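Student: I've got a protein model to look at and I'm new to this. Can you walk me through a few of its features?

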Amino acid sequence: MKRILALITLCFGISACQSDNPYVASSAPLPPAPPQAATTLDMSAYPAAPRDYARYRNWAWLNGQLPPGTAWMDSAQLADAVSNGLDQRGLRPARNAQPADVHVSASIRQEIRLRQVRDDYYDPYYGGGAGFGRYDGYRHGYGGYASVPVVRTYQEKVMVVQINLFDARTGQPVWSASADTSSGNDEASRGKALRQAVQQALTAYPPS
């Protein structure tokens, strides 16, 4: 009897598999392309051309204004440091009403940073275990030299220089960089720190 029931169930399963599928695949046709598609070039479908930094040869200050100074750094000092740095990168100031290729802006500020310094001190009495005795050589119970890490946190005043370049024709930003260095406590050390920060910021120009 069980055998007959199994055969009947199998026959029903086969007949169900052979029934028509009620789902029919269909798709809507694509809409026609607009008439201007044959003559219009879609630039968004292509990657932007790499910027040619070699064509930037002359520069001028953005809006014809020197970078702003601070209470501890004169505007002329910042302008002179940036001008010398740009000159070393092949950019010359625009002269005699010559149109500039790029416009430059710069700013300077001071910030307080937290620095951490780790020192490893060697303690001859740190730990226990076997070691050399004072008089008769190797003896159990004496410690050896061990490194004890000591982390010190302190505040440091740093000078941050920001330099921005803009395409003179389009006004779009083309390059920007900043750098910081330890700020000194007197005029001579601050001037040296300014030159170092400008050189560090311009190291990445032109970008490769």
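**Reading the core and some backbone angles**

Tutor: Let's start with the nonpolar core, meaning buried Ala, Val, Leu, Ile, Met, Phe, Trp, Tyr and Cys residues joined through side-chain atoms within 4.5 Å. The largest one here has 30 residues, and Val82, Val104, Ile163, Leu165, Trp175, Leu194 and Val198 touch the most other members. Buried means under 20% relative accessible area, exposed over 50%, and partly exposed in between (1.4 Å probe, protein chains only). This is a predicted model: local features need pLDDT of at least 70, side-chain atom pairs count only at pLDDT 80 or more, and totals for chains, interfaces and linings use all residues. Residues are numbered from 1 along each chain as its sequence is written, and side-chain values use heavy atoms, leaving out hydrogens and water.

Student: Which element gives the largest share of this core?

Tutor: Helices (H or I, at least four residues) and strands (E, at least two) are DSSP runs, numbered from the N terminus. Helix H3 (187–202) is one of the elements giving two or more residues, and H3 has the largest share, 6 residues.

Student: What is isoleucine 163 in contact with?

Tutor: Contact means heavy atoms within 4.5 Å. Leaving aside neighbours within four places in sequence, its partners include Val82, Val104, Trp175 and Val198.

Student: Where is asparagine 63 found, and is it buried or exposed?

Tutor: Asparagine 63 sits in the loop between S1 and H2 and is exposed, at 66% relative accessibility. Its phi is near 60°, a positive value in a residue other than glycine.
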